[in-house]
Amino acid sequence: MNSSLFFNTALVAYLVASVAYITYLAFRSEKIGVAATFITFFGFIVQTVALGMRWYEKAAIMGFGHIPPLSNMYESMVFWGWSIVLIYLIFERIYKNRALGAIVTPLAFITIAAISIAPNISKEIEPLVPALQSNWLSVHVITSFLGYAAFAISFGVSVLYLILAADKRSESFYIIGMLSLVFTVTLLAAITVDFLVWRLTGVPHPHLFAASFSSPRAAVKAVSWVTSGFFFALVWYGGVQAHDKVAALFPSLKVLDDVSYKTIMVGFPLLTIGIVTGAAWANYAWGTYWSWDPKETWSLITWFIYAAFLHARFTAGWKGKKTAVLSVVGFAAVIFTYIGVNFLLSGLHSYG
Amino acid sequence: MTEKNDSRQAEDAPAPEKKEQPGKKAGGTGFVDALWKFFSSVHLAVILLLILAAISIIGTVLAQGDSAKDNIQLYENMIVKIFDTLGVVDANDPASLEAQHERTHLAAERLYRFSVRAGFTDLYHAWYFYALLALFSFNLLVCTIKRWPFTYRMMAKNEVALPEKRLKSMQTRRAITPGGTREEAAAMVEAGMKKAGYSPKRAESEGAVSFFGQKGAWSRLGVYGTHASILIIFIGGIIGVTQGFKGYMQITEGTSESRFFDRRTKTTMILPFEIRCDNFQVDYYGDSRRPKDFYSDLVVVQDGEEKMSKRIEVNSPLVWDDIWFYQSSYGETGRGAKVTLRIAAAAASSSGEGVVKQFDTRPMDFPDLGVSVQVLQVIPDFALDENRRPYAKSNQPNNPAALIEVKGADGDARRAWLFQRYADARTSKDLPATVTFVDYGGIQYTGLQVVYDPGVWVIWVGCTLMVLGLYTAFFTSHRRIWARVAESDGKVTILLAGNANKNREGFAETFQSLGDRMDPKTGEKTAG
Ligand code: HEM
């Protein structure tokens, strides 16, 4: 038996839970809601076991018992998905409200699904280069990703807030919220389609979005664009009208605002510890605690943005929409720190 | 609807922003006032944070500190990428790239020249970046200082006997009719608050008994810790830049070195001691060429004396005299040769191993094994001439061989040729130890990062303080409870009121159970 069986089980559990949460929202059936929570929790436990097994497998190969399985993109993304579920479950318990599960579980599912299908991403257990063999690194990665997970939840809630709090379509806050929603949902849907097509046909993908936007078949491509255009129009026109009905499904705006802020309050110290332990690691490995490399700098940029969020909210008296925008911007920075830097910046640096 | 102020603002009502600052007015002119106001504004802080974020982005997109050629190449790549996205060129089509090359290259050069002038190529050391950080620090300092009197009042200057009106205006409050006398009620309140950990102070006025107790007042210091930590980290950074140095040194295996190249001054500097490298080695994962580990055996030699020795590797530096030596690189010197021999006891039963390297021309003793081993001669491409004498057919390592001499405990010395490729082809079978020819290679050098940074501990103090401060600021709260026991028309009432600056839900629960214990209606329930 190996860990991938467990990972796949967890993945399926998250998919089922996503459907259950959305059904729960639509029909407000308490039973379905409880089932959704249960399935999520089950998926979480299974994934925890899977992580533990992978750790064990890795230790067996490399003899580095103290290094958790967090040294490449695949492993960290899977861990991120796990963290999102963890933090969500805690918040669900505290707030006794499971509406947000309809946003969070799909996010967790897609995070893990995306990385499972992405080409050029190795899922193999790889030997570590010497610089990566450090306990500082373990703490650094774990805290950073828990922080990123908290920010992801804040992002989802803030987008929802921006859309629900808008009074009219022309409001810039509404446009920001809507574009974030359409963009994220389209992206995630395309990845899900990739994943499902891959699972159903068994044919591996040459690249991301191969089953939608960048399909070799013109028809598929066209359908994808038309669908996302349709979705855009639907949200754009329907968003404000459906406003009250949708709003009734979710916790009050005040609660959304509060969740967005509380998750950042959890994420910010975690990100801080992440940056600090990263610096400690660098200092121990190279004798430089800060070298302004793109990844470091982007984590600092993210930190600045969330610090601005906290001050805007605490002391400058911003609330609601304005801080929700900062949360969206902050999360864009998180994504860029995590993925964009690797693919865009270092990419540029490496092919000179 | 949601833009309303929450109770936090209400709790912190006497905010210094709105209050006159005593002593500030006295010497202040309109201009100084305006300046003070400008620098103490949190809006400025939010804006500065966002500007810092924006400027830092520029720095990550444009490479920092590489050579001009690299940078221009980088810009060109970027421009091509943008053109590709816009459909002006097709990056996968060499002909299309070639057609636009002149344009993209020229644009890249222009962009580079502009970047240099604007300081973008070394952005994080540009004067305006420092100026921004200075402004930020000043803002932080002023803001924090301005806030202090208010915080201090909140922590230490709470009135015990607040007027009834004030208590009634608090969000969390409760009126209880306990029955019994006023003194009985007061004693109950005092005991209840004490039990809940609020160690109440008592005061009497206007015929009423008042109590005040608080918990976690220090929680308000969290912000100060966090803010101070930022300044401390800046100070640590400045100490490092002004007082420390950072350089690079190369030591060839088997030699000592005390010079290193200082990166900042771009000069060679000399350490007051020498570092000797006895050995450098790379280990690989299995049979692959992926390095698992590389390390150097270093010895610190000062005034001709060996002071300390350590095997350093990445993540495990050597520290001497506050100077840190990090394993950073390695390479071939292209000079000399090195053989690595493994020595084991002749009898398979006894254990023990050792390694000999050729540049040790001295014999090496292995007391555990009772032998000493000396490498006498090394030939990279072993062959025999017509007189059956060994010679080197070439200087390529085609058939490395080493002539060694092994002395046993009895003083009996025996010589043998060993071959790396042919482990069994040794010329003498009765050596007093089993010697294996493990590796043949050129002599390598080890590259060390040499760092002296007296500010680094300041940085760690700052970081620790920051994390503690954040924890305190976010996850602990200052809770205050007032109680007023009064009697009117022979009826005793307890007015209980309180607030917390964080985690109101948690506070509301404690408040509730505190009240429940005093209230005869609910008290019996909890008691029974
Ligand atoms: C990146 C840098 C900064 C960090 C990480 C930081 C962190 C914090 C934290 C954690 C709080 C606590 C919030 C609370 O729970 O009450 C806080 C509050 C505050 N910060 Fe900052 N801060 C930074 C920069 C600044 C700057 C530059 C100013 C200057 C204007 C400032 C002014 C304030 C004020 C006035 C408060 C409210 C204090 C109170 O509630 O009594 N901060 N800051």
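## A tour of the aromatic rings

Welcome! Start by selecting Arg313(A) and Tyr261(A): the charged end of Arg313(A) sits over the ring of Tyr261(A), at 4.1 Å from the ring centre. Keep in mind as you go that this is a predicted model.

Next, widen the view to the aromatic side chains. Searching the whole structure turns up 35 aromatic pairs over all chains. Pick out one of them, Trp80(A) with Phe331(A): this pair is tilted, with 6.3 Å centre to centre and 35° between the planes. Now colour the helices. Trp80(A) belongs to helix 3 (residues 73–95) of chain A, while Phe331(A) belongs to helix 10 (residues 321–350) of chain A, so you are looking at a link between distant parts of the chain, 251 residues apart.

Trp298(A) sits in helix 9 (residues 294–314) of chain A and Phe336(A) in helix 10, so the pair ties together parts 38 residues apart in sequence. Are these two residues buried or partly exposed? Trp298(A) has 8% relative accessibility, so it counts as buried. Phe336(A), at 22% relative accessibility, counts as partly exposed, because buried requires under 20%.

Terms used: Residues numbered from 1 in each chain as written. Chains lettered and ligands numbered in written order. Predicted model: local features only at pLDDT ≥ 70, side-chain atom pairs only at ≥ 80, totals over all residues. Heavy atoms only, no water. Phe/Tyr/Trp six-rings, centres within 6.5 Å; stacked < 30°, edge-to-face > 60°. Helix = DSSP H or I, 4+ residues; strand = E, 2+ residues; numbered from the N terminus. Buried < 20%, exposed > 50% of the residue type's maximum accessible area, 1.4 Å probe, protein only. Lys NZ or Arg CZ within 6 Å of the ring centre and 35° of its normal.
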